[in-house]
Amino acid sequence: MFSSAHCARKAAPAARGARINHLGDWGTQFGMLIAHLQDKFPNYLSVSPPIGDLQLFYKESKKRFDEEDDFKKRAYQCVVQLQSKNPDFIKAWNLICEVSRKEFKKIYDCLDIRIINRGESYYQDKMIQVVKEFEEKGLAEVDEGRKVVFPPGCSIPLTIQKSDGGFTYDTSDLAAIKQRLHEEKADIIIYVVDSGQGIHLQNVYAAAQMIGWYDAKVTRVEHAGFGVVLGEDKKKFKTRSGDTVRLIDLLEEGLKRAMDKLKDKERDKVLTPEELEAAQKAVAFGCIKYADLSHNRMNDYIFSFDKMLDDRGNTAAYLLYAFTRIRSIARLANITDEQLHIAAQETEIHLQHEKEWKLGKSILRFPEILQKILDDLLLHTLCDYLYELATTFTEFYDNCYCVEKDRQTGQIVKVNMGRMLLCHATAAVMAKGFNILGIKPVHRM
């Protein structure tokens with residue numbers, strides 16, 4: 001439970017669209033943290049410890065765990081005390097979890113994430129029942145003191161209980177899938193976790209089917225794996241010191257660069273301070289999300305601020321600028337959303353120009369795109385579609401007048417309401433696409 005990337009091992013939407021962040025908040029790592037907490041802040045029970053950087057705190061405890069035998073023994077003893085629910089150890093655990101929750105909230109607020117945090121601790125009592133159920137059905141075997149399960153078609157067994165009586169990731173993952181199926185009543189479960197966990201998850205799914213928790217023909221349980229983020233040197237994305245890049249630091253850097261970009265374009269001279277801040281957040285956070293989602297999630301990709309903030313090409317910056325430009329057409333023609341709504345009921349749209357046809361056909365492809373991403377869970381398809389829609393709209397707008405003005409007075413002479421409705425439909429589809437991707441557009445940029 002140390003950084004967003006480290007903890008968010010799984011996120012599984014349940015039947016009502018629940019997003020669950022499956023956190024590593026139990027086990028050996030917390031034994032290390034509690035032992036280190038006792039040494040560094042011995043009065044932690046009476047005075048809340050000032051842990052500012054939990055990632056650094058974890059690195060310190062891990063170094064001691066790897067290098068000091070006495071500390072390692074104490075860490076294991078702390079795990080036993082924690083799992084026995086010793087009040088002092090539960091308090092230490094809660095203190096550490098609270099620091100982590102506060103760090104998560106900063107990220108959730110930036111990225112507008114609504115999610116349920118549910119740690120492995122939630123499943124502790126349920127794990128006992130999981131082991132019991134596998135034993136009662138004759139599906140568990142004893143191997144050198146361990147209790148293991150051999151799912152059909154899997155070469156590696158799942159260890160559901162260690163020789164010392166402790167549980168493993170295998171046990172908690174089995175308890176979690178059972179809870180989602182039987183208590184959440186999920187009919188679709190999607191595990192969003194790195195591709196390296198693929199074999200492990202297939203074992204979990206196979207065991208859950210073997211014991212009869214679900215039928216794969218009825219319930220969809222799927223792993224949406226993803227690749228690695230690389231730096232511009234094409235190596236795993238790290239800081240100069242070799243540490244993992246923290247997401248909060250990435251977001252703060254994105255905000256700084258987005259503001260620099262907006263000021264380079266002199267947007268600070270035409271936008272109010274509130275509009276400028278909204279545009280800054282839309283560009284920074286939207287570009288970081290889009291850079292991740294616009295690549296095939298199975299592949300590694302190179303992270304580059306310069307590329308993602310470029311307002312040319314398939315980037316969030318380009319799409320956000322395109323969207324605000326499209327929305328401004330009706331505003332500049334003094335046409336309200338209410339007037340467009342009425343016109344949509346009364347106006348026949350005649351697609352006569354080839355660019356009108358091309359845009360109309362592009363808009364109509366949206367349901368097909370949605371079905372495709374539901375089937376294969378590849379969101380880059382939606383990103384590619386939105387980029388194609390925006391470029392198709394540009395072709396249409398460059399060739400088909402929507403508003404005709406008097407060249408001398410600048411007064412509006414004629415409005416082609418059919419084409420205005422095409423603009424409106426394009427903006428509506430883009431807005432829905434942004435909503436699915438978690439990107440917040442703004443009206444002025």
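The buried residues of helix α14 pack against α15 (366–376), α16 (380–399) and α17 (417–437). Contact here means heavy atoms within 4.5 Å. Helices are DSSP runs (H or I, at least four residues), numbered from the N terminus. This is a predicted model: local features need pLDDT of at least 70, side-chain atom pairs count only at pLDDT 80 or more, and totals for chains, interfaces and linings use all residues. Residues are numbered from 1 along each chain as its sequence is written, and side-chain values use heavy atoms, with hydrogens and water left out.

Helix α14 covers residues 354–364. Lys355, Glu356, Leu359, Gly360, Ser362 and Ile363 are buried there (under 20% relative accessible area, 1.4 Å probe, protein chains only). They cover an arc of only 160 degrees around the axis, so they sit on the same side of α14. The arc is taken from the directions from the helix axis to the C-beta atoms. On the other side of α14, Glu354, Lys361 and Leu364 are exposed (over 50%).

Now to α5, residues 87–111. Its 25 residues should span 36 Å at 1.5 Å a residue (1.5 Å times one less than the number of residues). The end C-alpha atoms are 35 Å apart, which agrees. Asn86 caps the N-terminal end: a side-chain oxygen lies 3.0 Å from the backbone nitrogen of Asp88. Buried residues in α5 include Phe89, Trp93 and Phe104. Just after α5, Asp112 takes a positive phi of about 55 degrees.

Last, the cysteines. With a disulfide defined as a pair of cysteine sulfur atoms within 2.5 Å, the count is zero. For Cys287, the nearest cysteine sulfur, that of Cys383, is 12 Å away. Cys287 is buried, at 1% relative accessibility. For Cys402, the nearest cysteine sulfur belongs to Cys423, 3.7 Å away. Cys402 is buried, at 2%.

How values were computed
Helix = DSSP H or I, 4+ residues; strand = E, 2+ residues; numbered from the N terminus. Polar contact = N/O pair within 3.5 Å; in protein donor to acceptor, adjacent residues only side chain to side chain.
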